[in-house]
Amino acid sequence: MVLKGKAWKFGDDISTDHIAPGRYFHLRSNLPELAKHVLEDADTEFAGKVQKGDFVVGGNNFGLGSSREHAPTIIKVAGVSAVMAKSFARIFFRNSINVGLPALICDTDQIDAGDDLEVDLTGGKIQNKTQGTVIEFTPLPIVMVEILQDGGLAEHVRKHGDLQLSCDLPEK
Amino acid sequence: MGKTIAEKILGEHAGCEVRPGQIHIVTVDVALVQDGTGPLAVKQLQSLGLEQAAHPDRTVLFLDHAAPSPRKELSNDHVTLRNFAAKTGAVLSEVGDGVCHQVINESYVNPGDILIGADSHTCTGGALCAFSTGMGSTDVAIGIALGKTWMLIPPTVRVEVTGDLTPGVYSKDIILHLIGTIGADGATYKVLEFGGPTIDAMEQSERFTLSNMAVEAGAKAGLIAADNVTREYLDSRGRAANFREIGPDPDAEYERVVEIDASTLAPTVSFPHTVDNTRTIDEAKGVKIDQVVIGTCTNGRLHDLMVAASILRGNHRHPGTRLIVIPASREVYLEAVRAGYIETFVEAGGLIVNPGCGPCVGVHEGVLADGEKCLSTQNRNFHGRMGNPKGEIYLSSPATAAATAVKGELADPREFLS
């Protein structure tokens, strides 16, 4: 599966408070409205200008903070096709996969704001069309690939009626 | 090969030996959601036709983040959770009962349990030697309905604490110092296991503060062995029968050991806008503070209020500094009333907010103005956290917060020790 879009560049330590600020707590059950404020405290213009298919590109420890699944969800609702960072905070990373938003760990220093990117999800490569370079990303654990392929955790359970994941087997 | 605490608990729940890096399905003993994350969890289960709880008596829905509700949208979210509780038999913790991380440990969590919660500070339960971790709404929804979840078995970082804390220095200073040392991503996807003579001697309330902030270093859990202190706490809560001793094997394998000599620590403050931006009070003194908050899941227990009251007794807040105090639970509130702490806070010019998350999440009850500075005993000081991206948040112990309320600027609590 190949994703195409432009890069929106952010710095290190983008927290869930940057992504889904607490002052919009009352909009959590209204995701389209909440998505109008996505990443507002990191870039006030982002929500109004992001185009369907674009990528959010962060630095270290992207998504630190709260467990609010609303954070990756509204990034997805805003049309973003994948999030890339040098590293992700644990809960955000897991939530992204659960809501069907690919979260890719790669060297984002090789991406500048506005670069045209093509992501080959199964091939593990990002082509930076603007700079003419290829960036590899760290493969996801197999369990996360399975959840992503089913369209997220809820869809996985809808399809299988249970958690049907390729976990490690007990050692003999 | 010896096991860490995490490997023991996760192995029991996976039904097999586990090693870091493996992925296993584990059973879930206790689950929680709150009013910010629960409505989405309920919505997911409704859409799946799975409105059920595998263990209803240990599934707890908390109304604490926006409680009492300041807006009609949030009032409706509260109704969603009340209805889910009525339908599934899950427990509802009502407005005013307290913060999820306080109440869940007061009444539901036992050593050796797995607790998953749709709130990042669920890791607080690690102080009772339960593998407690925060997840998103959908993960916890599935955990509630099916009674299981998947876990990547994490490596463990041992935090070995020796030496006695000096007067005016608390476990909050240990954890702020640790995060300042290893960084806000210093333990991402790992377990922090706190131990050593200082932890062995530490009372339960102070232990909760350590585990509560494990996630601020990126950790999945912050575990402390179940010992006599744990036993006494459970006994005081009427759960003596649920105690069992759990600790790491002597030959447990750690990814890393971080050593801290507690006797060398000073009162510590996190500066805006990251928790790892720490300074000792000597480097911090003098910053003018507009609002002081004492409470939250990090430091809203009776012991915290006792420490703060001992500094505020006979003193008054600085005229330029507001003082907000939030007991972490209904029970803490009642005990603080009976102990006279609440009277002390009111006489000192403070105001008491009902048990709950208070202003920490930026919803209500103390939103900052543009350019204002707040010193809080909470666990997180991110940009915009308290409802205004133009506000600045500093973090400290209740003692430093109380001293600051009196002086109107970041102040050393040791100046108030008699």
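I started with contacts in chain A (two residues are in contact if their C-beta atoms, placed from the backbone, lie within 7 Å). Among those between residues at least 6 apart in sequence, 66% join residues at least 24 apart.

I noted the ground rules next. This is a predicted model, where local features need pLDDT of at least 70, side-chain atom pairs count only at pLDDT 80 or more, and totals for chains, interfaces and linings use all residues. Residues are numbered from 1 along each chain as its sequence is written, while chains are lettered from A and ligands numbered from 1 in the order in which they are written.

**Chain A**

I looked up the secondary structure of chain A and found 7 helices and 7 strands. These are DSSP runs, numbered from the N terminus: helices are H or I with at least four residues, strands are E with at least two. From the N terminus the order is β-α-α-α-β-α-β-α-β-β-β-β-α-α. The radius of gyration of chain A is 16 Å, close to the 16 Å that the globule rule gives for 172 residues, so chain A is as compact as a globular protein of that length. The radius is taken over C-alpha atoms, and the rule is 2.2 Å times the number of residues to the power 0.38. I read the C-alpha trace of chain A as about 55 × 45 × 25 Å along its principal axes. Of its 172 residues, 52% count as buried. Buried needs 20 or more other C-beta atoms within 10 Å of a residue's own, with C-beta atoms placed from the backbone.

**Chain A against chain B**

I then took the contact between the chains: 49 residues come from chain B and 41 from chain A. On the chain B side, β1 (23–27), α2 (38–48), α3 (72–88), α5 (137–146) and β7 (148–152) each supply at least two residues. That side divides into 20 nonpolar, 18 polar and 11 charged residues. Here Ala, Val, Leu, Ile, Met, Phe, Trp, Tyr, Cys and Pro count as nonpolar, Asp, Glu, Lys and Arg as charged, and the others, Gly among them, as polar.

**Domains of chain B**

I checked the domain assignment, which is automatic or from a database. Chain B has domain 1 (5–261) and domain 2 (269–411). Their C-alpha centres lie 24 Å apart. The contact takes 33 residues from domain 1 of chain B and 30 from domain 2 of chain B. On the domain 1 side, α6(B) gives the largest share, 6 residues.

Methods: A residue is buried if 20 or more other C-beta atoms lie within 10 Å of its own, exposed if 12 or fewer, and partly exposed in between; C-beta atoms are placed from the backbone.
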